[in-house]
Amino acid sequence: MNYALPVSIVLAATVGFAYAAPDTGAKQDAPVFEDVSEAAGLTGASAGKTCAWADYNDDGWVDVLVGGKLFRNREGMFSLVSLPKGCGEGVWADFDNDGRLDIVTVQGKGAVLRNADPDRFELLHTIGLPFSARPRVACADVNSDGRIDLFVTNYESKFGGPIYRDYLFVAQADGSLGPATTLTDACWTARGANWADFDNDGDQDLYVSNYRLMPNALWLNDGSGTFTDQAKARGVYGDATAGKERASKYYPAYEYTGHTIGSCWGDLDNDGNLDLVVVNFSHPPKWQNRVQIALNSGPPAYTFTNRNQAAAAGVYWQESYAKGALGDYDNDGDLDLYLTTVYPRNKGDLFQNQGDGTFKAVGNTLGLRTPHSYHVAWADYNNDGNLDLMAAGKLWRNPGFGRAWLKVRVRGGAGSNGAAIGARVKVSAGARTQIREVSGGNSGNQDPLLLHFGLADWPVDKPVKVEVAFPSGKRSTREVTPCNTCTIDEKDALPPRTKP
């Protein structure tokens with residue numbers, strides 16, 4: 001295998017480059033996020049590993065799995081819950097469709113831990129991963145059969161040398177997972193994977209974030225669980241302007257693109273199409289791919305254009321960006337972005353959406369510049385209607401911005417998987433329409449399955465319209481009063497629309 005990297009990469013990796021965030025205002029003049037980790041009982045949370053939020057016991061308070069430790073939330077206070085030996089990082093889904101959220105962990109050979117009853121988990125399936133070098137997992141129903149499937153990335157086995165491929169484990173009728181299949185023969189160094197229906201055709205497509213300057217993949221689902229890579233054709237392959245790596249026994253020759261560690265799907269400009277944030281670690285040479293804000297053109301082509309060339313979308317350069325999470329922290333009706341970093345000399349930062357998919361750095365202003373971390377996820381842990389942030393082993397409480405909001409809980413189980421992962425929710429308040437999808441993992445991290453919508457200055461006594469499209473094709477519509485949590489159950493939904 002050829003382990004060589006361009007000289008500019010090697011030099012950049014050994015020299016310290018520390019860049020300050022743009023000055024966005026006087027921190028003391030604005031409400032700031034507060035570190036409440038110790039006060040809330042979240043001591044011992046690992047800063048270096050992933051985190052996944054979910055209300056696993058269905059008591060209305062989101063709990064968190066972080067670094068292999070499960071913290072139960074009791075009205076805003078957390079306490080440790082015992083897990084079976086060997087449970088590590090993972091995400092949440094309802095694998096046996098019994099209405100309770102289970103854990104899929106990628107520790108060791110991997111396992112699905114069944115939620116047996118409050119605070120007790122037991123082994124449901126072993127996965128049989130052929131590697132154990134920090135893989136990442138993301139869940140989706142790839143073939144619309146009502147069962148959750150898994151995609152697991154290899155990460156990489158050693159510097160410069162992946163040995164294993166990424167694997168797709170499709171759930172079988174008897175409840176088992178697998179056998180493992182691959183989407184490509186190449187052994188790319190995948191650091192993250194995210195499912196979403198970017199082309200609005202009702203099935204889940206997959207974006208895979210590859211490191212070591214390797215090209216990223218966008219796997220287009222034909223609806224049956226058969227995939228074709230459309231990354232280059234759709235504009236999210238990466239910018240290839242600096243030469244090519246020769247082939248090895250593990251991968252074909254490839255064009256140098258980005259050191260991608262994570263990505264996020266979300267409708268950044270509220271046009272009804274899911275856009276993509278590609279989070280690139282990048283050394284100083286300008287040919288290395290920076291963070292990309294890739295806006296979706298929508299129909300008919302569904303291609304992507306990077307708005308952040310030369311930081312034009314407002315996401316400035318830091319060398320060690322790693323993971324990202326989207327959430328409307330200020331409840332103004334658009335998705336904001338938090339990015340972590342993994343070099344101690346860099347710090348995570350919060351980017352406020354300006355309403356059109358461009359951003360402004362506000363972490364300095366809001367007291368939210370976190371130390372290096374691979375985990376990041378938004379959740380309203382104290383049920384005050386404001387999204388709080390988990391990053392760098394800390395819980396950061398949102399001070400609130402006095403705007404209306406709505407939470408939507410979607411339940412499957414009547415044709416779709418029990419957790420309704422892959423469901424599309426649309427909330428309309430006057431002329432403003434927002435969409436979200438229930439997600440089974442964000443490059444190893446996970447926001448709650450409970451979806452959060454900011455409603456800006458919408459009157460709190462005036463209903464908004466909520467529409468849900470379930471993975472089965474069933475649909476439900478209702479009007480809901482803001483500043484509430486509504487539950488929409490598939491058993492009450494209408495049958496799929498028939499084509500004329």
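The following questions and answers concern a predicted model.

Colleague: Which residues have the most contacts inside the largest nonpolar core?
Modeller: That core has 56 residues. Strand S31 (residues 404-411) gives the most to it, with four residues. Apart from it lies another core, of 18 residues, Phe359 being one of them. In the largest core, the residues with the most contacts are Trp92 and Val408.

Colleague: How many disulfides does the count come to?
Modeller: A disulfide needs two cysteine sulfur atoms within 2.5 Å. The sulfur of Cys87 is 13 Å from the closest cysteine sulfur, that of Cys139, so the gap is too far for a bond. Cys483 is in no disulfide either, with the sulfur of Cys486 as its nearest at 13 Å. The count of disulfides is zero.

Colleague: Is Cys87 buried or exposed?
Modeller: Buried means under 20% relative accessible area. Cys87 has a relative accessibility of 14%, so this residue counts as buried.

Colleague: Why is strand S32 described as largely enclosed by the rest of the structure, and how many of its residues are buried?
Modeller: Strand S32 covers residues 424-429. S32 pairs with strand S33 (residues 432-437) in the antiparallel sense over six bridges, and with strand S35 (residues 464-469), also antiparallel, over five bridges. The strand is described as largely enclosed because, of its six residues, the number buried is five.

Colleague: Which residue of S35 is the bridge partner of Lys426?
Modeller: Lys426 stands opposite Ile435 in S33. S32 also pairs with S35, over five bridges. In S35, the bridge partner of Lys426 is Glu467.

Colleague: Which residue in the turn between S32 and S33 has a positive phi?
Modeller: S32 and S33 form a hairpin, with two residues between them. The phi in question is about 65°, and the residue is Gly430.

Colleague: Is the pair of Trp188 and Tyr254 stacked or edge-to-face?
Modeller: Trp188 lies in the loop between strands S13 (177-181) and S14 (190-196), and Tyr254 in strand S19 (residues 254-255), 66 residues apart. Both Trp188 and Tyr254 are buried. Their ring centres are 5.6 Å apart and the planes stand at 90°, so the pair is edge-to-face.

Colleague: Which residues do ring pairs link into a cluster with Tyr254?
Modeller: Tyr251 and Tyr254 are an edge-to-face pair, 5.4 Å centre to centre with 75° between the planes. Both residues are buried. The residues linked with Tyr254 are Trp188, Tyr251, Tyr256 and Trp287.

Colleague: Over the face of which residue does Arg191 lie?
Modeller: A charge sits over a ring only within 6 Å of the ring centre, with a limit on angle as well. Arg191 is 3.9 Å from the ring centre of Tyr211.

Conventions
Residues are numbered from 1 along each chain as its sequence is written. This is a predicted model: local features need pLDDT of at least 70, side-chain atom pairs count only at pLDDT 80 or more; totals for chains, interfaces and linings use all residues. Side-chain values use heavy atoms; hydrogens and water are left out. A nonpolar core is a set of buried Ala, Val, Leu, Ile, Met, Phe, Trp, Tyr and Cys residues joined through side-chain atoms within 4.5 Å. Buried means under 20% relative accessible area, exposed over 50%, partly exposed in between (1.4 Å probe, protein chains only). Two strands pair if DSSP finds at least two bridges between them. Rings of Phe, Tyr and Trp (its six-membered ring) pair if their centres lie within 6.5 Å; planes under 30 degrees apart count as stacked, over 60 as edge-to-face and the rest as tilted. A charge sits over a ring if NZ of Lys or CZ of Arg is within 6 Å of the ring centre and within 35 degrees of the ring normal.
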